[in-house]
Amino acid sequence: MLDFDVKIAKFLEQFIDKGAYANVLEGLRNTMIIAVAGLVIGILIGTLIAIVRVLPKYRTLPRVLDGFCSFYVGLFRGTPIVVQLLVFYYVVLPLMGFTRLDSVTVAIIVFGMNSGAYISEIMRSGILSVDPGQMEGGRSVGLGYGATMMKIVIPQAVKNILPTLGNEFIALVKETSVVSFVGATDLYKAFRSIGSRTYEYMVPYLIMAMIYIGVVCIITLGIKLMERRLRKGDRK
C-alpha cells in the first residue's frame with residue numbers, strides 16, 4: 001500500500017508541480033479533434049461511396065466508379081490504421097510535396113479516409129434497409145435520383161445506422177492512441193511521457209484508461225439521447 005502511495009505521489013508531482021497536465025489537456029484536445037474531424041470526413045466519404053455502390057450498373061461510368069470504390073474500401077479495410085498513418089506521413093505525402101503538414105492534420109486526413117471505408121459499408125446497409133417505395137415515391141413527385149437519395153433516403157438511413165455510427169466514433173477515439181507514431185501528442189503520448197520521467201507507469205496508465213472510459217461513456221450517453229429524440233420525432 002505504501003508503495004502505491006509513492007507511485008501516486010510521483011505522478012502528482014509530475015502532473016501538477018511539473019506541469020504535465022498541460023500535455024494531458026493537449027493530448028485530450030488532439031484526440032477529440034482527430035476523432036471528430038475524422039468522423040465527419042468519414043461520413044462524407046462513406047456517404048458518397050455508398051451512393052455509388054447502390055447506383056444501378058446499367059452504364060459504364062457507374063461500373064467504373066463502383067470498381068474504384070471497391071478497391072478503396074478493400075485497401076483501407078485490409079490494412080491496419082497505424083500502417084496507413086506511417087505510409088501517408090513518411091511516404092505518400094512527401095512524394096506529393098506536402099512536407100509542411102503537421103502530424104495532427106495528417107492524422108485527421110488518414111483517420112477520415114479510413115473511417116470513410118467502414119462508414120461506406122454501414123451507410124450502404126442503411127440505404128438498403130430503407131423501403132424501396134421511398135425512392136419510388138420521390139421519383140414520382142418529380143425529384144431526380146440524387147435529390148431523392150439526399151432528401152428522402154439518406155435521412156432515413158442515418159436513423160437506422162445511428163448506433164453503428166456511434167460505435168465507429170468510439171473506435172476512432174480509441175484508435176487515436178497510434179498517432180504518437182508520427183509525433184502527434186495524444187493521451188497515450190502524454191501519459192507515457194509522465195511514466196518515462198518517473199519510471200512508474202502504473203498510475204499514469206490507470207488514469208489514462210479512466211479518461212478513455214469517461215469519454216466513451218459520454219459519447220454513449222449522447223448517442224442514446226439522440227436515438228431517444230429521433231424516436232419521439234417518429235412517433236409524432
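In what order do the elements of the protein run from the N terminus on? They run α-α-α-α-α-α-α-α-α. The secondary structure comes to nine helices and zero strands, where helices (H or I, at least four residues) and strands (E, at least two) are DSSP runs numbered from the N terminus.

This is a predicted model, in which local features need pLDDT of at least 70 and side-chain atom pairs count only at pLDDT 80 or more, while totals for chains, interfaces and linings use all residues. Residues are numbered from 1 along each chain as its sequence is written, and side-chain values use heavy atoms, with hydrogens and water left out.

**Overall dimensions and burial**

The C-alpha trace of the protein spans about 75 × 50 × 25 Å along its principal axes. Of the 236 residues in the protein, 38% are buried. Buried means under 20% relative accessible area, exposed means over 50%, and partly exposed lies in between (1.4 Å probe, protein chains only).

Two packed helices are described by the angle between their axes and the distance between the axes. Axes are lines fitted to C-alpha atoms, for helices over the stretch in contact, and angles run from 0 to 180 degrees between N-to-C directions.

Helix α2 (residues 20-54) and helix α5 (residues 103-129) have axes that come within 5 Å and cross at roughly 40°. The two helices α2 and α5 are therefore oblique to each other; angles under 35 degrees count as roughly parallel, over 145 as roughly antiparallel, 65 to 115 as roughly perpendicular and the rest as oblique. The residues of the contact of α2 with α5 divide into 19 nonpolar, nine polar and three charged. In this division Ala, Val, Leu, Ile, Met, Phe, Trp, Tyr, Cys and Pro count as nonpolar, Asp, Glu, Lys and Arg as charged, and the others, Gly among them, as polar.

Helix α2 also packs with helix α7 (residues 145-175), at an angle of about 140° and with the axes 10 Å apart. This pair, α2 and α7, is oblique as well.

Thr47 is found in helix α2 and is buried, with a relative accessible area of 11%. Thr47 and Glu121 are 74 residues apart in sequence, and their C-alpha atoms are 9.1 Å apart in space.

**Aromatic residues**

Rings of Phe, Tyr and Trp (its six-membered ring) pair if their centres lie within 6.5 Å; planes under 30 degrees apart count as stacked, over 60 as edge-to-face and the rest as tilted. By this rule the count comes to eight aromatic pairs. In one of them, Tyr72 and Phe76, the ring centres are 4.7 Å apart and the planes lie at 40°, so the pair is tilted. Tyr72 and Phe76 are four residues apart in helix α3 (residues 60-77), and are thus separated by about one helical turn. Phe11, Phe15, Tyr21 and Phe191 form one aromatic cluster.

Tyr89 lies in helix α4 (residues 81-96).

**Cysteines and accessibility**

A disulfide is a pair of cysteine sulfur atoms within 2.5 Å, and by this rule the count comes to zero disulfides.

| Residue | Relative accessibility | Class |
|---|---|---|
| Cys69 | 7% | buried |
| Cys217 | 46% | partly exposed |
| Tyr72 | 11% | buried |
| Phe76 | 4% | buried |
| Tyr89 | 25% | partly exposed |
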